[in-house]
Amino acid sequence: FIEHMYQYSLESFVCFLYKAIDRTANTDDMEERCRLLISMIRMTIFRWVNRGLFESHKLIFCSMLTFKLLQLARLPGEEFNGSFFTFLLRAPAVIGADNPLSEWLPNKCWGLILKLTELEGFESFAANMEKDAPSRFKEWFN
């Protein structure tokens, strides 16, 4: 099911395509002109679609777009890590573990943190939270 508010017409798309073409700087270099056109068309269509989204859908749309760009290695200097992405989507948790921070951190969150320590680069995260909880993490969480 597609929300009827999101059913854009081809006529609207063509209108914004022409606007993007008109806004693109002219150049005699064909490769440069194509690069500029692609960039302008992308931004124009992105703004058009984003402007038409319900506020509650904007973050979802931008997140999906960002993750796709990461997967395709289209964001210079950024690397896509599939295991991090899977963790973010699935939010796996360790069930039934003792929560040493139960005074302020819900058990579900502690289970997520323990599962996060299985990912490369987060091995000492739970230990750091226990050690620094009264200062950094508790203040940030609240």
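Me: Is Ala91 buried, exposed or partly exposed?
Reply: This model is predicted. Ala91 has a relative accessible area of 35%. Buried needs under 20% and exposed needs over 50%, with partly exposed in between. So Ala91 is partly exposed.

Me: Where is Ala91 found?
Reply: Helix α5 covers residues 107–116. Ala91 sits in a loop that joins helices. That loop lies between α4 and α5.

Me: What is phi of Ala91?
Reply: Most residues other than glycine have a negative phi. Ala91 is not glycine, yet its phi is positive. The value is near 50°.

Me: Which loop holds Ala73, and is Ala73 buried or exposed?
Reply: Ala73 lies in the loop between α3 (55–71) and α4 (82–90). Its relative accessibility is 61%. Exposed means over 50%, so Ala73 counts as exposed.

Me: What is phi of Ala73?
Reply: Ala73 is a residue other than glycine. Its phi is positive. The value is near 55°.

Me: Which residue's backbone oxygen does the side chain of Thr117 reach?
Reply: Thr117 is in the loop between α5 and α6 (125–141). Beyond four places in sequence, it touches residues including Phe122 and Phe125. At 2.5 Å, its side chain reaches the backbone oxygen of Leu114.

Methods. Residues numbered from 1 in each chain as written. Predicted model: local features only at pLDDT ≥ 70, side-chain atom pairs only at ≥ 80, totals over all residues. Heavy atoms only, no water. Helix = DSSP H or I, 4+ residues; strand = E, 2+ residues; numbered from the N terminus. Buried < 20%, exposed > 50% of the residue type's maximum accessible area, 1.4 Å probe, protein only. Polar contact = N/O pair within 3.5 Å; in protein donor to acceptor, adjacent residues only side chain to side chain. Contact = heavy atoms within 4.5 Å.
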